[in-house]
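Please examine the sequence and the coordinates shown below before reading on. The briefing is arranged by topic.

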Amino acid sequence: MAEMYIRVAEEENEEPMEIPSEDDGTVLLSTVAAQFPGACGLRYRSPVSQCMRGVRLVDGILHAPENGWGNLVYVVNYPKETVLPDNKRKMDEIDASSATKIKRGDQKTSDLIVLGLPWKTSEQDLKDYFSTFGEVIMVQVKRDVKTGNSKGFGFVRFTEWESQGKVMSQRHMIDGRWCDCKLPNSKVSPDEPMRSRKVFVGRCTEDMTTDELRQFFMQYGEVTDVFIPKPFRAFAFVTFADDQVSYCCFRIDFKCSRTVQPKYSDVCSTFYGGLFPDPG
DNA sequence: GTTGAGCGTT
């Protein structure tokens, strides 16, 4: 395998840096550490399970996941701040500048947007609810400035990374409504749309089924989700396991007939034609 | 009948 680059960032939604692999497709931990001093490993969010997964590390060599590195963003692991006696010596070897980096890079939390709140839910209600997941350092309910009425969403922030992960991984019943907690849009880097694993599928006809879309898009890569809004809205979303795939599909336009046919945009046919079957 | 509702006064 020729040298390639994998994308690595300190946090999931931060601008990634491209790190070169070795000829055999592995990545040296030392190469990662050259850019992220103090790094002790990598993890990534599994496109299928949506859980964080560790990258296999043997003798300083990082091994690609089952299906290759793909275009996922790998997140740097740093040693925990609480160090066991056995690891003490290793920690001492890390220089002072990287020590501050460890604190910063050690999975700091971010605000989460809480969507779907009942109008009546207050800050205190939010705090009471989310405190069951861990220490809450901030809650907000966004309100109309004039009327003071809730806008139906808010924000929450936890002290612990683990609490944030747990909260993002599930839905929440708050005051009788199901709510979702996500990383807010404003935190997403500007080029995010091009890296989305999700493609918009326009001009759908009402008879199209999720199975049909799945069958069709499978030819481009592993499909993890197909969403067709109800009632019928003439569009759908298809989510792939690998974000590079959806980048390639970014400009595919659908002709919605019973047999689904893609139309190739200039972008796809020029730069990514190899990934697609011939239009004819 | 072409973007899932909703994205933050500091």
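The model is predicted. Chain A has 280 residues, of which 38% count as buried, and its secondary structure consists of eight helices and 18 strands. A search for disulfides across the whole structure returns zero.

**Overall fold and surface**
- In chain A, 59% of the contacts with a separation of 6 or more are made by residues 24 or more positions apart.

**L213 in helix α6**
- Helix α6 spans residues 210–217 and includes L213.
- L213 has a relative accessibility of 0% and therefore counts as buried, the cut-off being under 20%.
- The C-alpha atoms of L213 and V226 are 7.2 Å apart in space, while the two residues are 13 apart in sequence.

**Cysteines**
- A disulfide is a covalent bond between the sulfur atoms of two cysteines.
- For C181, the closest cysteine sulfur is that of C179, at 7.3 Å, and this is too far for a bond, because a disulfide requires the sulfur atoms to be within 2.5 Å.
- C181 has a relative accessibility of 4%, so this residue counts as buried.
- C204 is also buried, because its relative accessible area is 9%, where the cut-off is under 20%.

Terms used
Residues are numbered from 1 along each chain as its sequence is written. Chains are lettered from A and ligands numbered from 1 in the order in which they are written. This is a predicted model: local features need pLDDT of at least 70, side-chain atom pairs count only at pLDDT 80 or more; totals for chains, interfaces and linings use all residues. Side-chain values use heavy atoms; hydrogens and water are left out. Helices (H or I, at least four residues) and strands (E, at least two) are DSSP runs, numbered from the N terminus. Buried means under 20% relative accessible area, exposed over 50%, partly exposed in between (1.4 Å probe, protein chains only). Contact means heavy atoms within 4.5 Å.
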